[in-house]
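Trainee: I have a protein model open and a list of questions. Can we go through them one by one?
Mentor: Gladly. Let us look at it first.

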Amino acid sequence: STSDPEKILTETSELKPVSHYARMKIAAEEALFSQRNPEFAPTILRLATVFGSSNRLRFDLVVNTFAKSAFFNNRITVHGGEQWRPNVHVGDVGRAIIRVINAPIDIVDREIFNIGNPRENRTILELAKLTGEIYPGLDVAVNQANPDKRNYRVSFDKAKSMIGVD
């Protein structure tokens with residue numbers, strides 16, 4: 001997360017977690033890297049917010065939540081709206097994992113890759129408007145009280161250049 005959403009974050013940007021979940025992800029990365037040995041060469045994939053159909057669909061993620069609320073209630077509520085979120089389709093995540101598995105170990109050993117699509121760096125309000133294009137007549141309510149503090153845009157250039165992830 002960053003206070004400057006115009007800044008594009010890379011794998012080497014300073015980490016500023018705003019949630020317990022984010023702090024635990026950082027601790028897990030550090031723990032994995034500390035265990036590196038000749039038999040274990042960890043690679044970290046920092047996934048953008050995943051959306052799309054899956055066997056265990058999550059409804060705590062913005063795109064899926066908007067789709068569910070639009071379908072069942074014909075109404076979504078946007079908290080704030082100007083916050084940026086990187087997103088990635090579940091199929092693209094699967095392809096990225098396969099790319100890492102098939103990559104030469106010396107290319108991916110102890111590397112961190114942001115996985116997502118630069119065209120899917122969008123604001124919450126943009127996502128709401130896109131949902132409205134799929135569900136005509138959708139009622140979009142904007143609530144400025146208690147907006148989500150997470151606000152960040154991410155670069156996926158490293159994954160594209162090193163392992164060919166688009």
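Trainee: Which helix gives the most to the lining of the second largest pocket?
Mentor: Helix 5, with five residues. Remember that this is a predicted model.

Trainee: What makes a residue part of that lining?
Mentor: A lining residue has an atom within 4 Å of a pocket point. For the second largest pocket, 17 residues line it. Phe51, Val63, Ala67, Thr131 and Ile134 lie nearest its centre. Helix 2 and helix 5 (124–134) are the elements that give two or more residues. The space comes to about 410 Å³.

Trainee: How do you know which lining residues count as nonpolar?
Mentor: By residue type: Val and Ile, for example, count as nonpolar, while Lys counts as charged. The lining of the second largest pocket has nine nonpolar, five polar and three charged residues. In the largest pocket, the lining has 25 nonpolar, 14 polar and 11 charged residues.

Trainee: What is the volume of the largest pocket?
Mentor: About 1,500 Å³. Of its 50 lining residues, Tyr21, Lys25, Leu47, Thr49 and Tyr152 are the closest to its centre. Several elements give two or more residues to this lining, among them helix 1 (20–34), strand 2 (44–47) and helix 2 (62–73). Helix 1 supplies the largest share, seven residues.

Trainee: What makes strand 5 and strand 7 a pair?
Mentor: Two strands need at least two bridges to pair. Strand 5 and strand 7 have three bridges, in the antiparallel sense. Tryptophan 84 stands opposite threonine 123 in strand 7.

Trainee: Why are strand 3 and strand 7 said to stand at the edges?
Mentor: Take the order of the open sheet: 3-5-7, with mixed pairing. Strand 3 and strand 7 (121–123) each have a single partner strand, so one side of each has no neighbour in the sheet. On average, neighbouring strands here are turned by 45° against each other, direction ignored.

Trainee: Where does helix 5 lie relative to these strands?
Mentor: Helix 5 lies across strand 5 and strand 7. The angle to strand 7 is about 90°.

Trainee: How do you know how confident the predictor is?
Mentor: Look at pLDDT, which runs from 0 to 100. The mean for the protein chain is 91, and 97% of its residues reach 70 or more. Confidence is lowest in strand 3 (residues 49–51), at a mean of 88. Strand 6 (residues 112–115) has the highest, at 98.

Key:
Residues numbered from 1 in each chain as written. Predicted model: local features only at pLDDT ≥ 70, side-chain atom pairs only at ≥ 80, totals over all residues. Heavy atoms only, no water. Helix = DSSP H or I, 4+ residues; strand = E, 2+ residues; numbered from the N terminus. 1 Å grid on protein atoms, 1.4 Å probe; cavity = no way out; pocket = protein on both sides within 12 Å on 5 of 7 lines; lining within 4 Å. Points joined across faces, edges and corners; volume = space filled by probe spheres on them. Axes fitted to C-alpha atoms, helices over the stretch in contact; angles between N-to-C directions. Contact = heavy atoms within 4.5 Å.
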